[in-house]
Amino acid sequence: MSRVGGLLDVIDVSKSYAASGKHIDVLRDISFSIDKPEVVSIVGPSGCGKSTLLRIIVGFLPPTKGKVLHHGEEVKGVDLGMSLVFQNFALFPWLSVQDNVLIGLEHVQIPHEQKVEKAHHVIQEVGLEGFEEATPKELSGGMKQRVGLARALVRDPEILLMDEPFSSLDALTAETLRNDVLRVWADKSLAPNVVVMVTHNIEEAVYMSDRVLVLSSRPGRVIEDYQVRLTRPRDRRSPEFYKCVDEITSLFT
Amino acid sequence: MIAIHFDAYQLIVFAFFSLMRMFSAMLLSVLFAVIVGMAAARRKRVGRVLIAILDILQSVPILGFFPAAIFFFVLLYGNVWGVEMAAVFLIFTSMAWNMAFSVYESVTTIPDELLEVSEVFGLSPWRRFTTLYLPATVPRLVYNMLLSWAGGWYFLTAAEIIAFGAANYALPGLGRFIAQSASTYSWLDLGAGIVVLVAVILTIEYLLWHPLEVYSERFKYESTGSQIVRPVVGPMMIGHRIAHSRGFVRLRGRLLRRTAVLSAIISKSGRLLGSIVGRRLFHKKAFKRAVALIVTAVVLLILYDVSPDLLRGTRYLVEDTTKLMSSSDMMKEMYSLPVYLGYSVSRLAAAYVISVVWTIPVAYLIGRSERAMSVVLPFFEVVASIPGIAYFPLILVLLLDFSWGPNLASVVLVLTGMQWYLLFNVVAGMRSIPNELSEASNMFGLKGTRLWKVLILPVIAPTFVTGSITAWGGGWNALIVSEYIAFTDRTIRLPGLGGFLDAATFVYGNIALMLIGLFVMSAFIITLNSLVWHRLYSWVSGKYKMEIGT
């Protein structure tokens, strides 16, 4: 079913831990492929291993079984074509906004001036112009996550991964940021073709994604690869929107 | 001189004496901490003064005052009891301050809602004390008692060794046993002494502190959000491991049942007392006046009792000042003080540099892997639980015959007083690196010096400074012991503040000279603390404190 050699292929990935003598299965036989530019959400009950799956895709954790291919090449260690946005932002509190964004270009071999120029461009893009010299402590939660987004985008990743990126923000800020992420994704001049996002918020998944991968509770398995066929921008109050949300919700109960 | 031959009976008796000193000092410290801490917390103006005083007392090296304390107490109570009291007093001063702070902090951080509840339901002061203040104080107080107890061993051993240095004042105890074995080159005795000391430390830890700590858990109220971060201290971690063993859990059950009976008795008698005294009595003016009268009377009585001794002390001081002025030897000592200070500080600095150089890489390795954590750390914890001073005589004997030997031995001893504070604090810092942040560093390819500069050094900066402050505190204390050591055949005195203070007591017996030395030392340390360490700490914690969600 999955055509190996796509943009991203997750093939039979399982993950288990041995904790204090007990064997814990976190993920079991996860398979899916992404072949075209799209936004994919991974939803599931808490503890089903969604964040673990994201960390396996990005190369932080080795799978116990199976493999992850990026353009047909196995992801081992850290893949430079991907970038991750963290739930709690993971900014360096002692660095300025600009220096935090520059961390994203750490491995890129270009002159420093060019890096600064690039960082400046991305900072502008996420709406943080004028805050280059501020430290994270001086920023609100929403602005911190904009810095996290800028840092992830500055290295031009083909795949942008996000680990519950809006869950520690208030509702209004989260909604603005969701639209910003969609705008960045739709803008062909900017890098990420694919966005993979972990969330526990089904409405958020329907609002943003083309596909919703629904995981079962532990051990996590893919119980549905749900296609969201709504036109963008999506109307949260439309009956079609609710239908999608209800269909996904019913998979859990 | 009394010769000690290896004698199990004597060793047990000596261990018993050492323990009694520890318990007496602990009892005094608890009383002091509860009374002073509560007073400071309840009355703002008193509080500010007390806290300032405690802060200074906490930062001066207690061992420096030991010779002076011996002098003072011997003056008051004669040889046997005087030295005994001086030792207990010394250990008390090493235990009490942080405990008083913990009571103060506990009382001042009781949530306002709880105070309002006790107001609304009209609890009597006694009930308020037993149901609110005391339980609120228990967790932090017990935790600080544990810390103080671990530190107390160091001072106990040191006190017994110092007192042994001045042969007339020898105290029966494990520290003296160790010092004496070393000075007579009796290796077997020395080994036995150290083994017994470690065994006693670990046994008390197992039988007393851990049940108490488990018991205190029940008084903890969870304040939402913020968590109290416990500093990691060596001997306590062993206890944690033991606390989870099966044998211990059974023992704990038995002990808890017993403490339950005890606390029932206490609360019942408290209630009885409350009803006898009458709940309103506390509010009556007459009652308050009576209490004030009794307190004043007691204070006056004590003053009356010690006033002849104080007068005698003052007379001695005047006499000694005259003696000091007319003795060219002592004047020369006094003029050498700046040089001594220089020597002492360079020994401390050398030991500090060595500590920093080895602890940071080791802490990094320990913090990085769970396996190193569970294998290497317990080893360090056991080593750290032995007061460095206990094996100092051994180091000294080994190094004595080299020309730089005594100096090297001094630096080594200071090292034993410094390095563990630094190691355990930096390990705690390494472990506090947020997972997401190391993932982000990993993803963006931070490596080598960049990783250290951007992630590791900033994260450990606050705990490193805390560790440095405590390390220098421990170092000063070790320094005092290390600069003056008496053997059967000779006495070694190194140029330095510690050597000066001991010589002022045991060679010249001059109280004025002693006070000058203490003044110079305290002034230097307090200046160093406020000019360097406190500033560094507030700068570092402002810049590098981690907050969730940054």
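A crossing counts as left-handed if the near helix is turned anticlockwise from the far one by less than a right angle, and as right-handed if clockwise. By that rule, α16(B) passes α18(B) in a right-handed crossing.

This is a predicted model, so local features need pLDDT of at least 70 and side-chain atom pairs pLDDT 80 or more, while totals for chains, interfaces and linings use all residues. Residues are numbered from 1 along each chain as its sequence is written, chains are lettered from A in the order in which they are written, and side-chain values use heavy atoms, leaving out hydrogens and water.

Helices (H or I, at least four residues) and strands (E, at least two) are DSSP runs, numbered from the N terminus.

| Helix pair | Axes come within | Crossing angle |
|---|---|---|
| α16 (405–431) and α18 (448–482), chain B | 7 Å | roughly 150° |

α16(B) and α18(B) are therefore roughly antiparallel to each other (angles over 145 degrees count as such). Their contact has 17 nonpolar, 12 polar and no charged residues; Asp, Glu, Lys and Arg count as charged, Ala, Val, Leu, Ile, Met, Phe, Trp, Tyr, Cys and Pro as nonpolar, and the others as polar.

Over in chain A, six strands make an open, mixed sheet ordered β6-β7-β8-β3-β9-β10, where pairing takes at least two DSSP bridges. Its edge strands are β6 (82–85) and β10 (222–227). β6(A) runs parallel to β7(A) over four bridges, with M82(A) partnered by I159(A).

Conventions:
Axes fitted to C-alpha atoms, helices over the stretch in contact; angles between N-to-C directions. Parallel < 35°, antiparallel > 145°, perpendicular 65-115°, else oblique.
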